[in-house]
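Take a look at the structure shown here. The report below goes through it part by part.

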Number of protein chains: 2
Amino acid sequence: MKVVELSGGVGGARMARGLAAVHDIDLTVIVNVGDDLPTHGLHIAPDLDTMVYTLAGVQGPHGWGRSGDSFVTNSELARFGLNNDFKLGDLDLALKIFRTLRLTEGSPLSEVTDTVRASFDIRSSIIPASDDPVRTVVTTDEGDVLSFQEYFVNRGHRDHVASIEFEGAKTARPAPGVIAAIESADTVIIGPSNPVMSIWPILSVEPIRDAVRAHHRVVAISPLIGGRALRGPADVVLSDLGIGVGTGGVLAAYQGLIEMLVVDSVDKADTGTREGVKVVAHETLISEPAKAEQLARAILGL
Amino acid sequence: MKVVELSGGVGGARMARGLAAVHDIDLTVIVNVGDDLPTHGLHIAPDLDTMVYTLAGVQGPHGWGRSGDSFVTNSELARFGLNNDFKLGDLDLALKIFRTLRLTEGSPLSEVTDTVRASFDIRSSIIPASDDPVRTVVTTDEGDVLSFQEYFVNRGHRDHVASIEFEGAKTARPAPGVIAAIESADTVIIGPSNPVMSIWPILSVEPIRDAVRAHHRVVAISPLIGGRALRGPADVVLSDLGIGVGTGGVLAAYQGLIEMLVVDSVDKADTGTREGVKVVAHETLISEPAKAEQLARAILGL
């Protein structure tokens, strides 16, 4: 069975871990690159790395970074006046250095990502949504225009969001393999990521959006539980942008794209068929791998 | 009293530490950049960093790198197939990342070096010989053409050297302040570095060579003790290139440039006036700071 997941960071990576645990599944994850940003001259790809580390089983305690990592270099960067709010672990830094080196030498991000995947003995395919830059830019209600990392890391996603843009999306092409994977997938899953900030940047690449829209079985997992995001600002952003709150907000964010939405068991009241989408309830707290696998099996009807 | 030192790595940095310990000395060190090389996409400047760390008192146990450093990132680079023979410590890496970032943004090496110097509260001036690339290239007796790092680090300076070149030297300009420092110095000291591989690359920049030649008091310290280099291949290279062995080799390497040569006490037999150069003996084992200061005072006639 061929499965594609569109994914942002921690939540999507945990879903991918659940899917990868199901035998006989040929999994391809298509990962958001809207948060990618040069930091200290290094090419940081937060969602790709969270995906790699989670599928390799070496993710850090909060879901990002490497387990057991140290922060010697990151702390020392402050000596030279560099802002080190973005916590770059020492193990993690090796990957960043490798990626930056290969990109500078001219390798596309997808090729570098595949080398990294192989370095960690990961079987599932991991593809960035695009090899071209797609950058999420947030305009706050105060009129500040921020890169995603500024908004999320430096300012702790405390700002209210007036609008969001995906710079480069119009000219960005899907990375090699993305469209073929979606078209040949039995099921396309949209992970429990922030719809606006993690999934929209992927869908902002028109051919990807078209391929997802054309697919007959697209299942999204809501990142909200009782109307609140487990982590990050998904709920606030859906509300700030006037898209909606709770399950209705998630449905609106994916309008015309999905056949099914999985909400958490606590939101059982939202189940049924809403605007042509079948809304089903299941436990969506999937920080434990076994829970993620259960959810994966339920979605795939196994 | 104004003092300039031309320096390579560990030996020259130890000499600089001795000079910096003498009160009322206005010290400027002009540092070899011939060993600089991009490594993993980072701008590595081994001699500049050894100088900074030694003057800051944070140098590693073997004279290079940082004391108490760890090598987490460096070890992890191997996962991605990168050659990590060049031991990049985690603390050390912060400086490399900072330098690479600033150089990429367009700052000249001398400006970055001065920022680094200030970050470590070092009073002495530290100037790279040139902001332009000067690269030491070694041709071995087997005909292999190697960068200095390949020759020195990857191949452990085991090869015999047929010839040496300093790529870029003809067009390289002295970094800002280099010529003024030499011209206004009461004494110019050539540190106990490898004459061919650490000092020649500095002198390969013609205006620097001219300024040193024109100076009335240039004192070199021999890096050889009993004809052997304390570390590194200085003795072998002087011999391989047919320049000479022992004190005679060092004198030949600095022909026409120096007024005085300090040899180690064990080479007392070599003292006297040789080819117009006053050769004096003094203890030159200066790994202990107090010994370095004694040597500094002796050279400066204090």
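This is a predicted model: local features need pLDDT of at least 70, side-chain atom pairs count only at pLDDT 80 or more; totals for chains, interfaces and linings use all residues.

## Two chains, one axis

Two copies of a chain are related by a rotation about an axis and a shift along it.

## Helix α5 of chain B

Helix α5 of chain B spans residues 109-119. Its buried residues are Leu109(B), Ser110(B), Val112(B), Thr113(B), Val116(B) and Arg117(B). They cover an arc of only 160° around the axis, which puts them on the same side of α5(B).

What do these buried residues pack against? Their partners in chain B are α2 (46-56), α4 (90-104) and β5 (125-128). After α5(B) comes Asp121(B), with a positive phi near 55°.

## The sheet of chain A

Strands of a sheet pair through backbone hydrogen bonds, either parallel or antiparallel. In chain A, 8 strands form an open sheet with mixed pairing, in the order β5-β2-β1-β9-β10-β13-β15-β14. β5 (125-128) and β14 (272-274) of chain A each have a single partner strand, so one side of each is left without a neighbour in the sheet. From one strand to the next, the twist averages 25°.

Look inside the sheet. Strands β9 (187-190) and β10 (218-221) of chain A pair in the parallel sense over 3 bridges. Val188(A) has Val218(A) as its bridge partner in β10(A).

Helix α11 (246-253) of chain A lies across β13 (260-264), β14 and β15 (277-282) of chain A. This helix runs at about 150° to β13(A).

Methods. Residues are numbered from 1 along each chain as its sequence is written. Chains are lettered from A and ligands numbered from 1 in the order in which they are written. A residue is buried if 20 or more other C-beta atoms lie within 10 Å of its own, exposed if 12 or fewer, and partly exposed in between; C-beta atoms are placed from the backbone. Helices (H or I, at least four residues) and strands (E, at least two) are DSSP runs, numbered from the N terminus. The arc is that of the directions from the helix axis to the C-beta atoms. Two residues are in contact if their C-beta atoms, placed from the backbone, lie within 7 Å. Two strands pair if DSSP finds at least two bridges between them. Axes are lines fitted to C-alpha atoms, for helices over the stretch in contact, and angles run from 0 to 180 degrees between N-to-C directions.
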